[in-house]
Amino acid sequence: MNDYSHQHMDRDQAVQYTMDHFGEDLKRIIYTYIKNHHTTDDIFQEVLLTIYQRWQQFKGQSSLKTWVIRIAINRSKDYLRSPLHRIKIVKDQWLNQKKDTDPLEEIVLQQEKWEEIAAAILNLPVKYREVMILTFQQNMTQKEIAEATGTPISTIKTRMQRARILLKKEVSEEGWTFES
Amino acid sequence: MSRKNIEKAINRQISEKPLFTNSDRQRFYEGVQNQKRPWIHIVPKVVTLVITLLLISGVTYIWNTGNPFQSPAADPSITPSPPPVTEEKEKEEVLTVQDVVNQIQETLTSPFLPDEVDESFREIGEKIESQPDAPYDEYVFFKTDSYDPQESDGIPTIEPFQNGDLGLYLQIQWPSEETGFSVKIRYLSEDGEQLIEEQYAILPIGKFLKVKNPDQPVKMPDLIQQAVANSLNKSPGSLTRSDLLSLEELSIDASHREPLTIEEDAEYLKYMKALRILYLNDVKISGKLLKDLPNLEQITFIGDIISDFSSMSEGLQKVRYLNIRNSNFDGTVEDLLQLESLNIVTLDQTVIPNYEKLQFEGIDVRF
């Protein structure tokens, strides 16, 4: 279906289309911000509701996918800024400390170098994490990322470079080799 | 670093199983149903509305009758005069060509139903009765009785506009297997000297593009003229500015003759505002000229290419796909990294052995 058809859909069809085509991607993007499956479910519902309520505002200036991703990013960031989330951080830190003490799980996690890099990406601060996730997991261009996050493209480039530096520090030299 | 490996690893880290399930779908629909059903949610809004209406009617009553706490006796010699008709109100009722142009643009760039569009345009204009199987609808606005759309041969030229017989022409091309959805509007410039045409196609530009004097023929080198004509399926001799504005894809092949260099004063490029895809075979073009193609997304160079590639970056900032595999590209990977929108590049890995730098920046490299 092309963007012509998108503009002619009513809001029920728009939500249906979003779920059918972008449902999995959206939930994975939300998870990379929230890192909690239960809360991801809740925020995903909010995203669908926002699309349903604001469908008339979609003018087709960006692609439908960029538009829905932008809503998902904004909802996720709203949650991260909320007091409720700050309470959860304390709880998660405690759980992570417990997890770190399990050496077997740690070994399994680091068996694959890609797993190590992916884990490091997911542990980056949000602003660096989002450019890496949208680049590598969603295959978005820097311009699309700029549109989806509402950030200037020059900032996206800087964040990409800084994310790379941070990752190099986190990941062992062996795990950070270039391969085609 | 392998992009695919990273992508897979990130997805594994998030979850091995699909996150989106039918329960998400079900939960949404249940939520929407519950939102629709209970009237209790509307009660606070209704109460607020009633209070607001009471306040407004109270204030209006006091305003019209004077202070109710003062004596009601009033001077009978003073009779209320009718409210003056303000100049502003008169102005509001006069619809200008520009008002209708704005309305058309707003209507057709928002989600709409064809029937609603037809109804709203018929209110202010007139629909031209065309053939029942015609893939487009035509409307005329601000038309006098002297102008008969059935008599005019095709899209109106500047004459009826300058004669004052027609203010605005609209053509809506509905999508079919051969064509997409597109719109054409024609009207006279403010000084009355030039005809303006605006064209709109939803994909992928999504905005109206404008050209002055759309029926004016355009001069181009023979090879380019033939290439444009082939692309538009038109005769090379009849190409106009309007045709060039609708051009989305162009392939110029000079491989069978001497390499062609596009001159720096090539004005015809300025009319190709919708051009998205360009194939150049033994054709040299500067970055400055490419800047005249504001919506260029894909470009393929074959054979001869401008020698100083870094100078081209200014004209390639919107390009998402670049193919230089079969060209004599002599630039560096850094030149390619300068291209802000580049998403996919097809190249010769022996010419650019350090192509991994591109992959690291999220660019899809193909060979």
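What follows is a short exchange on the interface and the cavity of a predicted model.

In this predicted model local features need pLDDT of at least 70 and side-chain atom pairs count only at pLDDT 80 or more, while totals for chains, interfaces and linings use all residues. Residues are numbered from 1 along each chain as its sequence is written, chains are lettered from A in the order in which they are written, and side-chain values use heavy atoms, without hydrogens and water.

Colleague: What area do chain B and chain A bury between them?

Modeller: Buried area is the accessible area (1.4 Å probe) that two parts lose on being put together, summed over both. Carbon and sulfur atoms carry 57% of the area between chain B and chain A, and the total is about 5100 Å².

Colleague: Which residue of chain A meets the side chain of B:Arg27 in a salt bridge?

Modeller: A salt bridge requires a side-chain nitrogen of Lys or Arg within 4 Å of a carboxyl oxygen of Asp or Glu, and the count between the two chains is five. For B:Arg27 the N to O distance is 2.7 Å, and the partner is A:Asp42.

Colleague: About how much space lies in the largest cavity?

Modeller: A cavity is a set of points on a 1 Å grid over the protein atoms alone where a 1.4 Å probe fits but cannot get out; its volume is the space filled by probe spheres set on the points, joined across faces, edges and corners. The search of the whole structure finds one cavity of 30 Å³ or more, and the space in the largest cavity is about 50 Å³.

Key. 1 Å grid on protein atoms, 1.4 Å probe; cavity = no way out; pocket = protein on both sides within 12 Å on 5 of 7 lines; lining within 4 Å.
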